[in-house]
Amino acid sequence: MDRRSSIKTLFIISAGAALLPSCLQEDEKPSVSLQKIKINKKEENLIAEIGETIIPKTNTPGAKDVSAHLFALMMIDDCYDPDEQKQFTKGLKEFDTFSKKKFNKTFPECAPPERLELLKSIENKNGIPENVSFFYKTIKSLTLQAYTSSQYYLTKVHEYKLVPGKFYGCVPVKKAS
Amino acid sequence: MGDNKQSRTFDAIVIGSGMSGGWAAKEFCEKGLKTLVLERGRDVVHLKDYPTTNMMPWEFKHRGEVPYDIREANPVISRCYAFKEDAMHFFVKDTEHPYVQDKPFDWIRGYQVGGKSIMWARQTQRWSDFDFEGPARDGFAVDWPIRYKDLAPWYSYVEKFAGISGNKDGLPNLPDGEFLPPLELSCVENYFKDVVSKNYKDRNVIYARCAHLTEPQPIHNEQGRGQCQNRNLCQRGCPFGGYYNTNATTIPWAQKTGNMTLRPFSVVHSIIYDDEKNKAVGVHVIDSNTKESIEYYAPVIFLNAGAINTNLILLNSVSKRFPNGLGNENGLLGKYVAFHNYRGRINAKYDGFRDSKTDGGRRPTSAYIPRFRNLHKQETNFLRGYACTFSAGRRSRTDTNGLGENLKNNLMATSELGDWGIGSQMMGETIPKESNYVSLDPAKKDSWGVPLLKISVGHDDNDDKMIKDFFEQMTEMYSKAGFTDINTSDSKQAPGLDIHEMGGVRMGKDPKTSLLNKWHQFHNCKNVFVSDGACMTSTSTQNPSLTYMAMTARAADYAISQLKKGEL
């Protein structure tokens, strides 16, 4: 199966975003129009890279391919309450400090294995600053939502049938082949 | 046609185009009456005005979620289960049409042609005499002036036209109807059905009857409707016409006769009572866009504005004869409002049937447990009882653990089947009381000069006791079936969220204690009829829409015969 062999390409991830001059991006607006939260292009790219670390591109699309980061920002802006938005942006700022503390560099400057390690440490360990933890959990859940509700996922991976037809109340579970 | 009184005169006026108004329109137009149908909202044309019906999940900007600002500004409607991104354009937002809550009441409204019939839950269980005889037997409200035999032929009449899927279960407390084939129950639903019938003499788990075309008949094809495809996206409006809504059925049917004048954007201010003629002569309408005042006239007027708005119109219809609202000589108009107690829920898991699952479509209904409490005689410390939904299904689960490639592998893998999830919700009868009422706010008015409605309706001790009993009985039944992780919860939701508000203009035998007679006609104003939820003397446990439809068809038939005799 194509999908399974794709795993081998694990560490071939573009670090292109990290090479962009970051000082310019701080003044640049994000790619989506946001009404409530203030995010610059640099932060948008950080979120995109975190998303891509959570669901990387292999020979199937990754988080960036379905614009998960833009979906996440739009959802936080439109659907989250002001307290959550505040905590999210705080966590976003603190995330840099957290990254620097661990690897002496920002997340986009980290190599892919370091990025993965950094996120794992947030997932697994206690003692993570509350805002950083909230920021990460929010990004992860919205990245997952964006990916699993994307056109790609719902047509190529687990097909969503708009018109499913007959309902069967009780059928045997097929053994996995 | 010039704007003269004659051009504004009809054979019949129907106020409201929803679940019951659509039926009044159809019956009058089919019998050749020139009928004016007034709808306060916009027009919604079947197929054409279902903007989201064929949208895929990823095409919704917020994937179904309602944005924060909308939820914040509209807390009441945001509590409704169907108020989601795909159907929120069919619901009235709190900010658009305010009302006054003396006690918390979630008034869920749909102002458009078709009303709430577009977004309803499509459950269609008949009443029986266990319901109609309730008030007389248990000594509350007043005796119903009708019995099951009066309504039975009309249930059949509307069921055949609407298309009801069901199973002939042979239960006296939930009479059989004219059924299209049922959909299947799941393995665990069938298993629970067996467990319950083995353990309890008077308790049954059945397939819930619902307004879905499981096998369309010629009459449905003639309406342009086709088979239900189990999309379970009904609240968006159905491209197949697979479920019953007014827009796909009664309204176009009435339209086809050439006898219907449908007037959207028409807020009914009041009914015009002529003190000399001693009867109602028409209605006073405000055009919701232009705010222009217009009068329409007809010898017979049907009120189908939805239970609470029907009360509002009547309370606002004052004349010399009726200074406190149309027909309101006994002071009971707006009182004895009741609803359904939907607070109790229970869910659980089941470890059995690991080798089985459901498959294919998304079934738009569930199983149903008809009322068994206090059925034949009073046996508990509370009056009446409750029906319950019952559903058991197995969701596929995508593993979202891990990160990076691991996570991606999980997402790409064939989903695993989870446990069987089991759930029930109670649908309890509530007791109509004089202290549960609606009235007009003495000062506040809406944009059209109509007083705001004040709602003072609450739960009582009987409801609390019933919830406790629901938890106990269902836990016992679930336990006997070997379900685990049983969890009960009281949503504490306010009345109204059940969307089954009823009463205020109740039927009865005696003009001293009721407003409408057995034909839904005012005792003291014979050419005005009420056949929506406002007419209900008691609430029973069944979802009421089918009963409103049958009542409306019956009342319209009577009104037509009276018109012909010159009695109105």
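The model is predicted: local features need pLDDT of at least 70, side-chain atom pairs count only at pLDDT 80 or more, and totals for chains, interfaces and linings use all residues. Residues are numbered from 1 along each chain as its sequence is written, while chains are lettered from A and ligands numbered from 1 in the order in which they are written.

**Chain B overall**

- Chain B holds 13 helices and 24 strands. Helices (H or I, at least four residues) and strands (E, at least two) are DSSP runs, numbered from the N terminus.
- The radius of gyration of chain B, taken over C-alpha atoms, is 24 Å, close to the 24 Å that the globule rule gives for 568 residues, so chain B is as compact as a globular protein of that length. The globule rule is 2.2 Å times the number of residues to the power 0.38.
- The C-alpha trace of chain B spans about 80 × 55 × 50 Å along its principal axes.
- Buried residues make up 54% of the 568 in chain B. A residue is buried if 20 or more other C-beta atoms, placed from the backbone, lie within 10 Å of its own.
- Of the contacts in chain B with a separation of 6 or more, 71% link residues 24 or more positions apart. Two residues are in contact if their C-beta atoms, placed from the backbone, lie within 7 Å.

**A three-stranded sheet in chain B**

- Three strands of chain B form an open sheet in the order 8-9-10, with antiparallel pairing. Two strands pair if DSSP finds at least two bridges between them.
- Strand 8 and strand 10 (293-297) of chain B are the edge strands, each pairing on one side only.
- From one strand to the next, the twist averages 30 degrees.
- Strand 8 (residues 266-274) of chain B has seven of its nine residues buried, so it is largely enclosed by the rest of the structure.
- Eight bridges join strand 8 to the antiparallel strand 9 (residues 279-287) of chain B. B:V267 has B:I286 as its bridge partner, and B:I271 stands opposite B:V283.

**Helix packing in chain A**

- Helix 6 (residues 82-103) and helix 8 of chain A have axes that come within 7 Å and cross at roughly 105 degrees. Axes are lines fitted to C-alpha atoms over the stretch in contact, and angles run from 0 to 180 degrees between N-to-C directions.
- The two helices are therefore roughly perpendicular, a term for angles of 65 to 115 degrees.

**Where the chains meet**

- 42 residues of chain A are in contact with 39 residues of chain B.
- Strand 1 (167-172) of chain A is among the elements supplying at least two residues to this side of chain A. Strand 1 gives the largest share, six residues.
- Strand 1 of chain A pairs with strand 15 (residues 356-360) of chain B in the antiparallel sense, over four bridges. There, A:V171 stands opposite B:K357.

Definitions and conventions. A residue is buried if 20 or more other C-beta atoms lie within 10 Å of its own, exposed if 12 or fewer, and partly exposed in between; C-beta atoms are placed from the backbone. Angles under 35 degrees count as roughly parallel, over 145 as roughly antiparallel, 65 to 115 as roughly perpendicular and the rest as oblique.
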